[in-house]
Amino acid sequence: MQLYAERPIRRTAQLVSDLLALLLVVFAVWLGTTVYDEVMKLRAPGDGLVSAGTGLTGTFDSAANSADGIPLIGDALAKALHGGSDVGTQFADAGRWQIEAVENLAWWMAAIIIALPVLTLLATWLPMRWHFARRASAAAQLRALGEEGLDLLALRALTTQPLHRLAKSGEIATGWRARDKEVIAVLAGHELARHGLVT
């Protein structure tokens, strides 16, 4: 598989584009994890609510259990104190809801920040690189066949070169018809150059 061009300028451009793509992915992952960590700091009030609500529930339950033993008013007092325990449970539930909301927000923000550049690369850069690798590999295989491969590359160059370029040079037409090896080599060289390869 021909992943990179053989011509220095094109190969350098490909290496730079690959490096930029890699840096973009690394930056997106770094940014996504940083945003995740920063958003997760917003869960501190929720943690505080859970802690306070749990503590409040424990305090009221303990007081209710102690009040239960008081003669005459113990049952009513214990029931009232258990009501305070329910408030503590509601605080803790509200804190858990906030923590869950913050965790979901952090996860989705990080996922979007990472996914957007990666999906953009998958839709643009990767198909372009894959297309080049397939065409360059096929051209390199034809070049490896020797004269038969050069004939096919020359024929391909005749069909892909702009008409004005072919019309300017009468020797290409006559050389092609006469099967002139120099003309075939020049045409094959044009086709190989189009794919970033050398003759």
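Residues are numbered from 1 along each chain as its sequence is written, and side-chain values use heavy atoms, leaving out hydrogens and water. As the model is predicted, local features need pLDDT of at least 70 and side-chain atom pairs count only at pLDDT 80 or more, while totals for chains, interfaces and linings use all residues.

**Confidence**

The average pLDDT (the predictor's confidence in each residue, from 0 to 100) is 85 for the protein, and 87% of the residues score at least 70. Helices here are DSSP runs of H or I with at least four residues, numbered from the N terminus.

Let's start with R10, which sits in helix 1. With 29% relative accessibility, R10 is partly exposed; buried would be under 20% relative accessible area and exposed over 50%, with partly exposed in between (1.4 Å probe, protein chains only). Contact means heavy atoms within 4.5 Å, and beyond residues up to four places away in sequence, R10 touches A5, F132, R135, A193, R194, H195 and G196. A polar atom of the R10 side chain also lies 2.8 Å from the backbone oxygen of R194.

Then there's R129, in helix 4 (residues 125–144). R129 counts as buried because its relative accessibility is 11%. Setting aside neighbours within four places in sequence, R129 is in contact with L3, Y4, Q14, S17 and D18.

Axes are lines fitted to C-alpha atoms, for helices over the stretch in contact, and angles run from 0 to 180 degrees between N-to-C directions.

| Helix pair | Angle | Axis separation |
|---|---|---|
| Helix 4 and helix 5 (residues 147–160) | about 135° | 6 Å |
| Helix 5 and helix 8 (residues 181–194) | about 70° | 7 Å |

Angles under 35 degrees count as roughly parallel, over 145 as roughly antiparallel, 65 to 115 as roughly perpendicular and the rest as oblique. So helix 4 and helix 5 are oblique to each other. In this pair, A139, L142 and R143 of helix 4 meet G149, L150, L152 and L153 of helix 5.

Helix 5 and helix 8, on the other hand, are roughly perpendicular. Residues making that contact include L150, L153 and R156 from helix 5, and I184, L187 and E191 from helix 8.

How values were computed. Helices (H or I, at least four residues) and strands (E, at least two) are DSSP runs, numbered from the N terminus. A polar contact is a pair of N or O atoms within 3.5 Å; within protein, one must be able to donate a hydrogen and the other to accept it, and residues adjacent in sequence count only if both atoms are side-chain atoms.
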